[in-house]
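Dear colleague,

I am passing on the structure we spoke about, and my notes follow below it. Please read them alongside the coordinates.

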Amino acid sequence: MTRFARSVGRGKGRQANAEARERVRELIGRDPARADLLVEYLHRIQDAEGGVSVASVAALAAELRLSQAQVFEVASFYHHFDLLPEGRARPP
């Protein structure tokens, strides 16, 4: 087993909390999560939450088996996603 294979699923850095993971699962649906629908899932989070929080990025990355950096890069690339810094309230 390669070092990469051993590290998959053990995410480094921020770990997704159970509450955020459950909320993301509700928003993306119960069908198997697909990485090719990342932008669609970000739209669902944005629409439901009024922005994309750090916890949502971590939870979505875990669900899609992507790195948090990959999810963040996509969310920060498109201007219609509001990335919410940790501890800051959602905009009105």
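Which residues are buried in helix α2 (residues 18–28)? Before the answer, a word on the basis: this is a predicted model, in which local features need pLDDT of at least 70 and side-chain atom pairs count only at pLDDT 80 or more, while totals for chains, interfaces and linings use all residues. Residues are numbered from 1 along each chain as its sequence is written, and side-chain values use heavy atoms, with hydrogens and water left out.

The buried residues of α2 are Ala20, Val24, Leu27 and Ile28, where buried means under 20% relative accessible area, exposed over 50% and partly exposed in between (1.4 Å probe, protein chains only). They cover an arc of only 85 degrees around the axis, which puts them on the same side of α2; the arc is that of the directions from the helix axis to the C-beta atoms. Helices here are DSSP runs (H or I, at least four residues), numbered from the N terminus. The buried residues of α2 pack against α3 (38–49) and α4 (54–64), whereas the face turned away from the buried side carries the exposed residues Ala18 and Glu19. After α2 comes Gly29, whose phi is positive, near 95 degrees.

Elsewhere, Phe77, Tyr78 and Phe81 form one aromatic cluster, in which rings pair if their centres lie within 6.5 Å, and planes under 30 degrees apart count as stacked, over 60 as edge-to-face and the rest as tilted. The rings of Phe77 and Tyr78 have centres 5.0 Å apart and planes at 90 degrees, so this pair is edge-to-face. Phe77 is exposed, with a relative accessible area of 63%, whereas Phe81 is buried, at 5%.

Best regards

Note on methods. Phe/Tyr/Trp six-rings, centres within 6.5 Å; stacked < 30°, edge-to-face > 60°. Helix = DSSP H or I, 4+ residues; strand = E, 2+ residues; numbered from the N terminus. Contact = heavy atoms within 4.5 Å.
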